[in-house]
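Q: Could we go through this model together, starting with a local detail and then moving on to the fold as a whole?

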Amino acid sequence: MLSTMINIILSLALAVATAFGSLFAAYVPSVGPVAVVPDGAVVTEQPTTPQPDEPIITEVPAVEGEYATIQRGQSGEAVLALQERLTELGYYTGKLTGKMDSPTQLAYKKFEKANGFNANGIASPEEQMVLFSEGAVAAE
């Protein structure tokens with residue numbers, strides 16, 4: 001009975017952590033499958049975590065007329081559009097992949113610096129408004 005309750009509680013905690021994603025990522029550790037061994041101890045299998053060079057790829061929602069924050073590890077049409085615009089402005093010379101990878105982030109940081117933003121490599125909606133405007137400063 002106790003092991004069933006523990007499994008239910010852990011399953012609910014995992015569901016909540018998964019549902020809220022990165023919001024809880026720093027606060028709730030990942031818990032893998034749970035097993036109760038005969039002596040009553042609870043054993044969890046720890047999932048592997050990606051290495052710093054292996055970003056987790058998540059799709060950026062494309063909403064026409066609105067910009068979503070884009071950061072390293074994300075992918076999709078919004079990232080592809082960002083890469084295309086950075087190419088037009090002379091900041092990005094890489095392959096158009098639709099992934100916010102290291103080369104794209106580096107190009108974006110150059111854009112941010114040239115346009116007076118904090119060069120953190122995160123494409124905020126406000127920065128994207130400038131990026132896609134006619135007033136965006138091109139690379140020298």
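Q: Which backbone oxygen does the side chain of S133 reach?
A: In this predicted model, the side chain of S133 comes to 2.7 Å from the backbone oxygen of V130.

Q: And where does S133 sit in the chain?
A: S133 is placed in the segment after α5, and with a relative accessibility of 25% it counts as partly exposed. Its C-alpha lies 9.9 Å from that of R85, a residue 48 positions away in sequence.

Q: Changing topic, how many aromatic pairs are there?
A: The structure holds four aromatic pairs. One of them joins Y67 and F132, whose ring centres are 5.6 Å apart and whose planes meet at 5 degrees, so this pair is stacked.

Q: Which parts of the chain does that pair tie together?
A: Y67 belongs to the loop between β3 (58–59) and β4 (74–75), while F132 belongs to the segment after α5 (125–131), so the pair ties together parts that are 65 residues apart in sequence.

Q: How accessible are Y67 and F132?
A: Y67 is partly exposed, at a relative accessible area of 34%, and F132 is also partly exposed, with 31% relative accessibility.

Q: What about Y91 and F111, are they stacked or edge-to-face?
A: Y91 and F111 form an edge-to-face pair, with 5.9 Å from centre to centre and 85 degrees between the planes. This pair links distant parts of the chain, since Y91 is in the loop between α3 (77–88) and α4 (102–114) and F111 is in helix α4, 20 residues apart.

Q: Is Y91 buried or exposed, and what is the relative accessible area of F111?
A: Y91 has a relative accessibility of 9%, which is under the 20% limit, so the residue counts as buried. F111 is buried as well, with a relative accessible area of 0%.

Q: Which residues make up the ring cluster?
A: Ring pairs join Y91, Y108, F111 and F117 into a cluster.

Q: Stepping back, what is the pattern of helices and strands along the sequence?
A: The protein chain has five helices and four strands, and they follow one another as α-α-β-β-β-β-α-α-α.

Q: How much of the chain is buried, and what is its accessible surface?
A: Of the 140 residues in the protein chain, 24% are buried. The accessible surface comes to about 9400 Å², and 59% of that belongs to carbon and sulfur atoms.

Q: And what share of the contacts join residues at least 24 apart?
A: Counting contacts between residues at least 6 apart in sequence, 33% join residues at least 24 apart.

How values were computed
Residues are numbered from 1 along each chain as its sequence is written. This is a predicted model: local features need pLDDT of at least 70, side-chain atom pairs count only at pLDDT 80 or more; totals for chains, interfaces and linings use all residues. Side-chain values use heavy atoms; hydrogens and water are left out. Helices (H or I, at least four residues) and strands (E, at least two) are DSSP runs, numbered from the N terminus. Buried means under 20% relative accessible area, exposed over 50%, partly exposed in between (1.4 Å probe, protein chains only). Contact means heavy atoms within 4.5 Å. Accessible areas come from the Shrake-Rupley method with a 1.4 Å probe; for residues, only the protein chains shown count as cover. Rings of Phe, Tyr and Trp (its six-membered ring) pair if their centres lie within 6.5 Å; planes under 30 degrees apart count as stacked, over 60 as edge-to-face and the rest as tilted. A polar contact is a pair of N or O atoms within 3.5 Å; within protein, one must be able to donate a hydrogen and the other to accept it, and residues adjacent in sequence count only if both atoms are side-chain atoms.
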